[in-house]
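Open the model in your viewer and keep the selection tool ready. The stops below cover pockets and helix packing.

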Amino acid sequence: MGTQALRARKLETTASLSDTASLPQQVPAYVNNPLFTEPGEVVRERLLKMDWSFTDDETTFLTHDIHPYPAKFIPQIPGTLISLLSGHGELVVDPFGGSGTTALEAIRLGRRALSIDANPVASLIGKTKTARLDNDASTELSGLHALLSSEALSLPKDPEVLLSRYSAFIPEIAHREKWFADTATGELALIRFRMNELESQTAKQVAQFALSRMALKVSFQDSETRYKSVPRAVKTGEALSRYLKELESILQALRGIGSNTCYGVSSFITGDIRTLSDSDLPPLSADLVVTSPPYGNAYDYHLYHRFRLLWLGYDPIALGHVEIGSHLRHQRDGSGFESYLEDMLAALKRIHSALKPGRYAALVIGDALYKGTLHSSSEVLAAHAEELGFDLAFNITRPIHRTK
């Protein structure tokens, strides 16, 4: 896996200062050790000497491991880059935000974070893992837990009762019986009905997050990364019981991170970086870009998150149309690495327009295998990025632990 840093060429342009008015000023000293003010060769030598394997480091601290999400990069990578290549109050952008790892590290380190991803599940995860529970949200969520706990004691034995009563809250799932037992479907619909009654936006977000975290556990999908139906018996009350446990766990985690996330602010956009408007991501607004783009021909987020998307009210097909690096798209269209490269260059062009002159974009990216040929994505992207106005600052090959 390669980690590359591209640096926007210095232009005769004066970039505006970051707005830090909304940030607390008493940020711990350890989070502000900027290297970006040094000459490029100093930055390069410092970072090349570092051990990027982080083999023995704890990677599940705070809420970094609060929701399953494939192909995540460990928080030590964005955390290190953010602390060295940006300053307090500056804007850190992740155009392929995924599960919000960069965003959480950015606010932990006293920066402002903007996380962008085409996957609505990704936005939900990022928003929740960086959320600050206020009294209203906490009270509503405690009430939701109490109400569902009460209903769990008197669930009808016939699943058809819940299926009929809450039919409006059951999404259109083709061949639903192949993927969900009637017991699970009825209870998930009941949960959606109760979530719909919440008034606090934060409470709704956390409640949806709990649903996202447990939906596959009560489905027949074999695993997070294997889209195969494996039917089993789902007892009455199992889905509701799992949801209540997930909600308890999430509330406990969020109540415990407040002191670590109070130094920064974050925002999340569900959208395609290639077509994002200037109002969402203004030109010359980013002080640092840190991201792990999709690897070519490696995964299908719209497929493996299909049931999460449906139960949350989203369309997985729409995500499939814009997903970069999709394995299914490669199979369906017979496309190769060139198609992936075209998509990534469009993303890099948009990233360049947002990045301030002389500042860094760090990409953590793996090689891509198409039609039996292995492509060094980082080297190819670096070569083409220079045509877009970047200079290659450094390219690091990161050792992967053998168990990974």
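By class, how many nonpolar, polar and charged residues are in the lining of the second largest pocket? That lining has 4 nonpolar, 2 polar and 2 charged residues. Bear in mind that this is a predicted model.

**Stop 1: the second largest pocket**

Select Phe 169, Arg 192, Met 195, Asn 196, Lys 204, Gln 208, Trp 311 and Leu 312, which line the second largest pocket. The volume of this pocket is about 150 Å³. Next, colour helix H8 (182–196) and helix H9 (201–214), each of which supplies at least two residues of the lining. With 3 residues, H8 gives the most to the lining of this pocket.

**Stop 2: H8 against H5**

H5 passes H8 in a right-handed crossing. To see the contact, show the side chains of Leu 144, Leu 147, Leu 148 and Glu 151 on H5, together with Leu 190, Ile 191 and Arg 194 on H8. By class, this contact of H5 with H8 has 5 nonpolar and 2 charged residues, and no polar ones.

**Stop 3: H5 against H10**

The crossing of H5 and H10 is left-handed, whereas H5 passes H8 in a right-handed one.

On the H5 side, select Ser 138, Leu 141, Ser 142, Leu 144, His 145, Leu 148, Ser 149, Glu 151 and Ala 152. They meet Leu 240, Tyr 243, Leu 244, Leu 247, Glu 248, Leu 251 and Arg 255 in H10. The residues of this contact divide into 9 nonpolar, 4 polar and 3 charged. Leu 144, Leu 148 and Glu 151 of H5 also belong to the contact with H8.

**Stop 4: H2 against H3**

Clear the selection and pick helix H2 (residues 76–85) and helix H3 (residues 101–108). Their axes come within 9 Å and cross at roughly 45 degrees, which means that H2 is oblique to H3. H2 passes H3 in a right-handed crossing.

Which residues of H2 and H3 meet? Pro 78, Gly 79 and Ile 82 in H2 meet Thr 101, Thr 102, Glu 105 and Ala 106 in H3. By class, the contact of H2 with H3 has 3 nonpolar, 3 polar and 1 charged residues.

**Stop 5: the largest pocket**

Finally, turn to the largest pocket, which holds about 1300 Å³ of space. Its lining is made up of 50 residues, and the closest to the pocket centre are Tyr 69, Pro 70, Ala 71, Lys 72 and Phe 73. Select these five to centre the view on the pocket. By class, the lining of the largest pocket has 24 nonpolar, 16 polar and 10 charged residues.

Terms used. Residues are numbered from 1 along each chain as its sequence is written. This is a predicted model: local features need pLDDT of at least 70, side-chain atom pairs count only at pLDDT 80 or more; totals for chains, interfaces and linings use all residues. Side-chain values use heavy atoms; hydrogens and water are left out. Axes are lines fitted to C-alpha atoms, for helices over the stretch in contact, and angles run from 0 to 180 degrees between N-to-C directions. Helices (H or I, at least four residues) and strands (E, at least two) are DSSP runs, numbered from the N terminus. Angles under 35 degrees count as roughly parallel, over 145 as roughly antiparallel, 65 to 115 as roughly perpendicular and the rest as oblique. A crossing is left-handed if the near helix is turned anticlockwise from the far one by less than a right angle, and right-handed if clockwise. Contact means heavy atoms within 4.5 Å. Ala, Val, Leu, Ile, Met, Phe, Trp, Tyr, Cys and Pro count as nonpolar, Asp, Glu, Lys and Arg as charged, and the others, Gly among them, as polar. On a 1 Å grid over the protein atoms alone, a cavity is a set of points where a 1.4 Å probe fits but cannot get out, and a pocket is an open set with protein on both sides within 12 Å along at least five of seven lines; lining residues have an atom within 4 Å of a point. Grid points are joined across faces, edges and corners, and a volume is the space filled by probe spheres set on the points.
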